[in-house]
Amino acid sequence: MKSPASASWKAPLKFRMPTAENLIPIRLDIEVDGQRYKDAFTWNPYDPDSEVVMFAKRTVKDLKLSPGFLPQIVQSIQSQLATFRSYEGQDMYVGDKIIPIKLDLQVNHIVIRDQFLWDLNNFDSDPEEFARTLCKDLGIEDPEVEPAIAFAIREQLYEIAIQNVTTARENRISKKGRRAAEHFTPSKASGAALDLMKLFSFGSSVVRKRKEWDYYKPVLDLLSNEDIHALEAKEERSGWEGKLVLRESI
């Protein structure tokens, strides 16, 4: 069933990611016996738990990690899934709002910085499709950049969805009726939220205002081999021995 194009503060929705696919961001940062493994990917929270164990085993084997990583990978993923599931069934207020999404990523030789406004009420929005379009528009051919962009978007949308649950809970407790329904406690990502109807046409998810094109336009930098070597040396001095792999679990 397609979600409504807009929602009223008086009619809260049930918690979910404000996107077409209910994928959640997972981050891993695990150190065992001096070896460190970092990873970031999206996960379908409705996949069976057995998939977590299979994923962990495959990761340990493919990256030749020590066996001690296996239980920690499983525990970390399961813990993050449990956090997501703890919000399910709870009310969240969205309202006619948009929020700024910011990108500041370094993937291999590419650094990309961008910011744009995202429609929280469009539950048909697709961060992966947006990332594909952005990479195409910027002529980015590195296949690792696209999933990194999508992940960064989903991570910020997830934070805001959780904040909207907190807002609904506080409104319910405060019992201030209509005034409470109009109250919104901004998170870091949503502090500059603007009036949706002034900026969006129906079916739109992302917008750049013409007068702010210079401010909002994406910035793309290419790092030299020397830059990469310097970053790698810095990471090694920090004890980083793993590899950051961004991938999507399906």
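Predicted model: local features only at pLDDT ≥ 70, side-chain atom pairs only at ≥ 80, totals over all residues.

A crossing of two helices is called left-handed if the near helix is turned anticlockwise from the far one by less than a right angle, and right-handed if clockwise. Residues are numbered from 1 along each chain as its sequence is written, and side-chain values use heavy atoms, with hydrogens and water left out.

**First stop: helices α3 and α4**

Select residues 127–138, helix α3, and residues 145–174, helix α4. Helices (H or I, at least four residues) and strands (E, at least two) are DSSP runs, numbered from the N terminus. The axes of α3 and α4 come within 8 Å and cross at roughly 135°; axes are lines fitted to C-alpha atoms, for helices over the stretch in contact, and angles run from 0 to 180 degrees between N-to-C directions. The two helices are therefore oblique to each other, given that angles under 35 degrees count as roughly parallel, over 145 as roughly antiparallel, 65 to 115 as roughly perpendicular and the rest as oblique. The crossing of α3 and α4 is right-handed.

Now display the side chains at this contact (heavy atoms within 4.5 Å). Among the residues involved are Phe130, Leu134 and Cys135 of α3, and Ile149, Ile153 and Leu157 of α4. By class, the contact of α3 with α4 has ten nonpolar, no polar and four charged residues. Here Ala, Val, Leu, Ile, Met, Phe, Trp, Tyr, Cys and Pro count as nonpolar, Asp, Glu, Lys and Arg as charged, and the others, Gly among them, as polar.

**Second stop: Glu146 and Arg132**

Select Glu146 and Arg132, which form a salt bridge with the closest N and O atoms 3.8 Å apart. A salt bridge is a side-chain nitrogen of Lys or Arg within 4 Å of a carboxyl oxygen of Asp or Glu. This pair links distant parts of the chain, since Glu146 is in helix α4 and Arg132 in helix α3, 14 residues apart. Glu146 is partly exposed, at a relative accessible area of 27%, as is Arg132 at 38%; buried means under 20% relative accessible area, exposed over 50%, partly exposed in between (1.4 Å probe, protein chains only).

How many salt bridges does the count give? It comes to eight. Another to select is Asp49 with Arg85, where the closest N and O atoms are 3.4 Å apart. Asp49 lies in the loop between β3 (35–43) and α1 (50–62) and Arg85 in helix α2 (residues 69–87), so the pair ties together parts that are 36 residues apart in sequence.

Move to Ile140, in the loop between α3 and α4. Is Ile140 buried or exposed? At 10% relative accessibility, Ile140 counts as buried. Not counting residues up to four places away in sequence, Ile140 touches Ile110, Ile112, Cys135, Val145 and Leu220.

**Last stop: Ile73**

Finally, select Ile73 in helix α2, a buried residue with a relative accessible area of 0%. Its contacts, leaving aside neighbours within four places in sequence, include Leu28, Ile30, Tyr37 and Phe55. Ile73 and Phe55 are 18 residues apart in sequence and 8.9 Å apart in space, C-alpha to C-alpha.
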